[in-house]
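I opened the model today to look up a few strands, helices and single residues. My entries follow in the order I made them.

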Amino acid sequence: MIGAAPSAAAASPSTLQVLHWWTSASERKAADLLAARMAEERIDWQDAAIPGGAGLGAGKVLKGRVLAGDAPEVTQIIGVSIAEWADMGLLLELDNVAAAGNWNSFLFPTIQNLIQHRKHVVAAPLGIHRVNTLYYNRALFAQLKLAPPQTWHEFETAAQRLRAAGVQPLAQSSEAWQVAALFENLVLAESGPEFYRQLFVQRSPAAAADPRTANALQRLRAIKGWVRGQLDERPWTEVVAQFARGQAGMLIMGDWAKAELTERGMALDQDYGCAAAPGTGNYHLYSVDTLAMFAGDYRHMPAQEKMARLLLTPALQADFNALKGGVPVRRDADPARMDSCARASWSIFGKGAAVQAPSLVHRMASDEASRDAIIAEVHRYFLDDRAQAADAQRRLGALFRLFNLRSQGAPGAQDTDRRR
């Protein structure tokens, strides 16, 4: 299915070219499921998959295609990026579909806010991922008589025991977005959702200077010390593979890793366990999969609206997320169809904004430029052992002051927070 697809201009009204970055084995199965369900409704899903972790490559391709006047009919756009594209008037408004389907009656409030821009629905939500997920090798933990760590003190104890047994404690890549994803887990554990939002959503210079940020940075440095010598810049799928081979005792990654572990023959609650990252058991660090439709060629609008309607149906929500590793965006989803890890994610997310934290790395917390700059600073600190936490804090604070100056008089961090 992946390969050269016809341009948007050449596509028939029932053919929708879909640009996305679901290219791992498990993601490919989830995307193929969507394509098959669309085909049953006489919608031809023309695949335009762009490889690249965290959608980095896909974002650049999408911008280039839009500038060239060759936008796909459907595209994966997530988080704050939805508002950025909607601001340019490029996204099809799905108000009629949402009203007819009564989306507000079953969507979680956070999801409702995420897909709206200036009171118009401009995206169709597919699933919710929990980024603060800890995986642990059950056989190794049983052999060493370890319990899944719920606090960072327990995590450090488990790490020391694993190292003493000759096992790398944590599978981790030095790739920038993966380092930043670990850091946002550490911030959430250190501070909770309210401070997390001050740091990554409001981008407060005071939060950057706060001791809680220093503690998270110092913990990031400590973790690097535990996995020294095993920190190549690897794609996330290779990090998951390392854990699956039993070469690391633990893994901290979003629940999409669960689907990839299934592809590698590992069974949840048998070969590995799933829990919240240490210190975050009561919180949900979230990312949301969404598809948006590009406006312009109204010949495609009936098929685009039909696709949006189908994406929210209970059966498709359940089946897609079972393959993808996430959970449905519907409050009325059937928990009996979820595994133990998914049920925990769905239940915690349902407790509302007080326990939810929008992932910086996955574009839920900040605009693209701010996100990239913050990730670069965290990555710079991680790579340079001479860098002090205080230096990283000062650099982050300077960035935040610059961001906030630029956002004055335009939709910025506070507006983003309010939309949620």
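I call a residue buried under 20% relative accessible area, exposed over 50%, and partly exposed in between, using a 1.4 Å probe and protein chains only. T313 has a relative accessible area of 26%, so I logged T313 as partly exposed.

Ground rules. This is a predicted model, in which local features need pLDDT of at least 70 and side-chain atom pairs count only at pLDDT 80 or more, while totals for chains, interfaces and linings use all residues. Residues are numbered from 1 along each chain as its sequence is written, and side-chain values use heavy atoms, with hydrogens and water left out.

Entry: T313. I take helices (H or I, at least four residues) and strands (E, at least two) as DSSP runs, numbered from the N terminus. T313 sits in the loop between α14 (301-311) and α15 (314-324). I also checked T313 against R330, which is 17 residues away along the chain. Their C-alpha atoms are separated by 9.2 Å.

Entry: strand β1. Is T15 buried or exposed? T15 has 9% relative accessibility, so T15 counts as buried. T15 belongs to β1 (residues 15-20). For contact I require heavy atoms within 4.5 Å. Leaving aside neighbours within four places in sequence, T15 is in contact with D44, Q46, E73 and H300.

I then looked at the rest of the strand. Six of the six residues of β1 are buried, so β1 is largely enclosed by the rest of the structure. Both of its faces are covered. T15, Q17 and L19 are buried on one side, and L16, V18 and H20 on the other. In a regular strand, side chains alternate between the two faces of the sheet.

I count two strands as paired if DSSP finds at least two bridges between them. β1 pairs with β2 (residues 44-49) in the parallel sense, over six bridges. H20 stands opposite A49 in β2.

Entry: the four-stranded sheet. I found an open sheet with mixed pairing, in the order β8-β9-β7-β10. β8 (168-171) and β10 (272-276) are at the edges with a single partner strand each, so one side of each lacks a neighbour in the sheet. β7 (residues 133-137) and β9 (residues 248-252) pair in the antiparallel sense over three bridges. L134 has I252 as its bridge partner in β9.

For directions I use axes fitted as lines to C-alpha atoms, for helices over the stretch in contact, with angles from 0 to 180 degrees between N-to-C directions. Helix α7 (residues 152-164) lies across β7, β8 and β9 and runs at about 150 degrees to β9. Helix α12 (residues 236-244) packs on the sheet and touches β7, β8, β9 and β10. The direction of α12 makes about 145 degrees with that of β9.

Entry: α17 and α18. How are helices α17 (residues 368-383) and α18 (residues 389-407) packed? Their angle is about 170 degrees, and their axes are 10 Å apart. That makes α17 roughly antiparallel to α18. I class angles under 35 degrees as roughly parallel, over 145 as roughly antiparallel, 65 to 115 as roughly perpendicular and the rest as oblique. The contact includes I374 and Y381 of α17, and L396 and F403 of α18.

Entry: α8 and α9. The axes of α8 (residues 176-191) and α9 (residues 193-200) come within 7 Å and cross at roughly 135 degrees. That makes α8 oblique to α9. Among the contact residues I noted F183 and L188 of α8, and F195 and Y196 of α9.
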